[in-house]
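Dear colleague,

I am handing over the structure that we talked about, and it is placed directly below.

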Amino acid sequence: MSSPFKVLTIGDAMITLNPAVKGPLRYVTQFERKVGGAELNFAIGCARLGLDSKWISRLGEDEFGRVIYNFARGEGVDVSGVDFVSGCPTSLNFKEINEDGSGKTFYYRYNSPILTLTPEMIQEELFENVDLVHLTGVFLAIDSKNIETAAKVIEVAKQKKIPISFDPNIRLKLWSIEEARKAYKEILPHVDILLTGLEEIRLISGMEEEDELALFAREYGIRDLVLKDGANGSKLFRNGDWTRAESFRVTPVDTVGAGDGFDAGYIYGWLNGFSKERLLQFANGVGALVTTVSGDNEGLPYLSEVNAFINNDLIVER
Ligand SMILES: O=C(O)C(=O)C[C@H](O)[C@H](O)COP(=O)(O)O
């Protein structure tokens, strides 16, 4: 079933290797192979909610590239903007999980296939029928070359009057905070919807108080400033007012991917004209459900599942 709304995103995806046992990575000998990547997670989240969802990327011409391509396609993501390239292997992400559940990420994405994507390849046809473009800081962090590609994406989106959402998704393993701040300064004036963690906005702007953040949103002309604060809920600054929503109580098993899920939920609600309160509630619901399943995107819910969760409907299991 085709949706009345279409989103477009761009970014690197990875084979994510989850350790079979906890503890330092050097002692782990078995891994579970999964698929990850912030923008692909977003694209899958949108597709599961029923949006038309297109992902622009490059994958290595290798077995792992095929795994990711087939996975994305199987999730209903439009992969017509994804190509295979030789000479650069598909990116990898090894995870380490400590006994207390905390963890580390070890990226192998230095010569990522996404670096073969150049601004000239960002053609207008890719934007056909697109209602919103979503960018994240991970794409920018992989290599400074991607900032030019993102600038081209923004240029075409602006020409076509397509709104832009942005999640800074700070990854300090990929770049320094100074580099990140510099790149965000270039991107933010073009952003309509900023979806950021509270800790992230603090790192980017040095601000955390509502009055300061309201000024920050005005300075950059951000229409929706959305702050994600995990178990403490989320809030939205729009048209001079703050709207807040509490989080849902769940027992999290893996919080990675909740932010990407929240973004997908928010954009779904935004495109469908949800009220501010319902928008936050819906996005919180998607984020909460993601944390109940292990893996970066496995817990992304279908529309009926979020609605049932939010409405506390009885789910018939057998
Ligand atoms: O692409 C990357 O570099 C990643 O780190 C992939 C991760 O699956 C998500 O980006 C999770 O991000 P959160 O939703 O904020 O937990």
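**Helix packing**

Helices H9 and H10 pack at an angle of about 105°, with their axes 10 Å apart, where axes are lines fitted to C-alpha atoms, for helices over the stretch in contact, and angles run from 0 to 180 degrees between N-to-C directions. H9 and H10 are therefore roughly perpendicular to each other, on a scale that counts angles under 35 degrees as roughly parallel, over 145 as roughly antiparallel, 65 to 115 as roughly perpendicular and the rest as oblique. Please keep in mind that this is a predicted model, in which local features need pLDDT of at least 70 and side-chain atom pairs count only at pLDDT 80 or more, while totals for chains, interfaces and linings use all residues. Residues are numbered from 1 along each chain as its sequence is written, and side-chain values use heavy atoms, with hydrogens and water left out. Helices (H or I, at least four residues) and strands (E, at least two) are DSSP runs, numbered from the N terminus.

In the contact of these two helices (contact means heavy atoms within 4.5 Å), Gln281, Phe282, Gly285, Val286, Ala288 and Leu289 of H9 meet Leu303, Glu305, Val306, Asn307, Phe309 and Ile310 of H10. The residues of this contact divide into eight nonpolar, three polar and one charged, where Ala, Val, Leu, Ile, Met, Phe, Trp, Tyr, Cys and Pro count as nonpolar, Asp, Glu, Lys and Arg as charged, and the others, Gly among them, as polar. The buried residues of H10, which spans residues 303-310, are Val306, Ala308 and Ile310 (buried means under 20% relative accessible area, exposed over 50% and partly exposed in between, with a 1.4 Å probe and protein chains only). What covers them includes H1 and H9, the latter running over 276-290. Just after H10, Asn312 takes a positive phi of about 60°.

H9 also packs against H8: their axes come within 7 Å and cross at roughly 150°, which makes H8 roughly antiparallel to H9. By class, the contact of H8 with H9 has eleven nonpolar, five polar and no charged residues.

H8 (residues 258-271) in turn packs with H1 (residues 38-49) at an angle of about 45°, with their axes 8 Å apart, and the two are therefore oblique to each other. On the H1 side, Ala38, Asn41, Phe42, Gly45, Cys46 and Leu49 meet Asp260, Asp263, Ala264, Gly265, Ile267 and Tyr268 in H8, a set that divides into seven nonpolar, three polar and two charged residues.

**Cysteines and loops**

The structure holds zero disulfides (a disulfide is a pair of cysteine sulfur atoms within 2.5 Å). Cys46 is buried, with a relative accessible area of 0%, and Cys88 also counts as buried, at 7% relative accessibility.

Asn129, in the loop between strands S7 (103-108) and S8 (132-136), has a phi near 60°, a positive value in a residue other than glycine, and counts as exposed at 61% relative accessibility. Lys161, in the loop between helix H4 (145-159) and strand S9 (164-167), has a positive phi of about 55° although it is not a glycine, and is exposed, with a relative accessible area of 73%.

Best regards
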